[in-house]
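Subject: Structure handover

Hello,

Here is the structure I said I would pass on. Please open it beside this email and follow along; my notes come after it.

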Amino acid sequence: MSIFNTSSEYGLLAKLLHWLTFLALIIQIPFGFYLVGLEFSDRRIELENVHILFGITIFYIVLLRLIWKLVNPSIQSEHNFFKGQNIIAKTNHFLLYVSIFAITISGILKKLYMGEKLNFIFFNFGFEKDNFQLADSFYIVHIYANYLLITLVILHILAVIAHHFIFKDKILKKIT
């Protein structure tokens, strides 16, 4: 198997980054909902730090994935079952990236405007002044971007199921 994409199949790195992102999001999203329900405590702060570090790691993985996607050709669709299919697929993929970046950036800005310093793996950063009103605004963006991401992932999975079972175009074989 090649590390690079071919016209009919994704390469090893594209597959690895795709499934790594999926698995990380399957862990991170419920973890975030779990955190919301916790009372403020030292344990919650520890878990939030794990959530933040994991979220920043996802951000870096998705950034790497997007860069790889831009320099590596996408596979060609063998079938178009209806007009607009490619537009819907590309829009969903674009919005998946936008929502992941919106979640990460809004989460980071929420924490920074709360007056906290963050570990960005490669460096630490914090603002000199806090702004709780802005922090609350970014938290709202963080929440709604998560709901958008959940919706887009569900649509993505439903499209894969439809392609696999209804259209029988072996789409899963291309990404596994």
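Against which helices do the buried residues of α4 pack? They pack against α1, α2, α3 and α5. Before going further, please note that this is a predicted model.

Overall layout

The protein chain contains five helices and two strands. Read from the N terminus, the order of the elements is α-α-α-β-β-α-α. The C-alpha trace spans about 55 × 30 × 25 Å along its principal axes. The chain has 176 residues, and 34% of them count as buried. Among contacts with a separation of 6 or more, 66% are between residues 24 or more positions apart.

Helix α4

Helix α4 has 35 residues. From its first C-alpha to its last it reaches 50 Å, close to the 51 Å expected at 1.5 Å a residue. At its N-terminal end there is a cap, provided by asparagine 131. A side-chain oxygen of asparagine 131 lies 3.3 Å from the backbone nitrogen of glutamine 133. The buried residues of α4 are Ala135, His142, Ala145, Asn146, Leu149, Leu152, Val153, Val160 and His163.

Helix α2

Helix α2 covers residues 42-71, which makes 30 residues. At 1.5 Å a residue α2 should span 44 Å, and because its end C-alpha atoms are 44 Å apart, the two values agree. Its buried residues include Leu47, His51, Ile52, Phe59 and Trp68. Arg44 and Glu48 are also on the buried list. The partners that the buried residues of α2 pack against are α1 (12-36), α3 (85-113), β1 (118-119) and α4 (132-166).

The second largest pocket

The second largest pocket holds about 760 Å³ of space. Elements giving two or more residues to its lining are α1, α2, α3 and α4. Which element gives the most to this lining? That is α2, with nine residues. In total 33 residues line the pocket, and those nearest its centre are Gly32, Leu35, His51, Tyr139 and His142. Of these, His51 is among the buried residues of α2, and His142 is among those of α4.

Is lysine 168 buried or exposed? Lysine 168 has a relative accessible area of 60%, so it counts as exposed, the cut-off being over 50%. Just after α4, lysine 168 takes a positive phi of about 50°, although it is not a glycine.

Aspartate 169 has a relative accessible area of 9%, which is under the 20% cut-off and therefore makes it buried. Leaving out residues up to four places away in sequence, aspartate 169 touches His79, Phe81, His163, His164 and Lys174. With histidine 163 there is a polar contact of 2.8 Å between the side chains. Histidine 163 is itself one of the buried residues of α4. Aspartate 169 and serine 77 are 92 residues apart in sequence, yet their C-alpha atoms are 9.3 Å apart in space.

Regards

Note on methods. Residues numbered from 1 in each chain as written. Predicted model: local features only at pLDDT ≥ 70, side-chain atom pairs only at ≥ 80, totals over all residues. Heavy atoms only, no water. Helix = DSSP H or I, 4+ residues; strand = E, 2+ residues; numbered from the N terminus. Expected span 1.5 Å × (residues − 1). Buried < 20%, exposed > 50% of the residue type's maximum accessible area, 1.4 Å probe, protein only. Contact = heavy atoms within 4.5 Å. Polar contact = N/O pair within 3.5 Å; in protein donor to acceptor, adjacent residues only side chain to side chain. 1 Å grid on protein atoms, 1.4 Å probe; cavity = no way out; pocket = protein on both sides within 12 Å on 5 of 7 lines; lining within 4 Å. Points joined across faces, edges and corners; volume = space filled by probe spheres on them.
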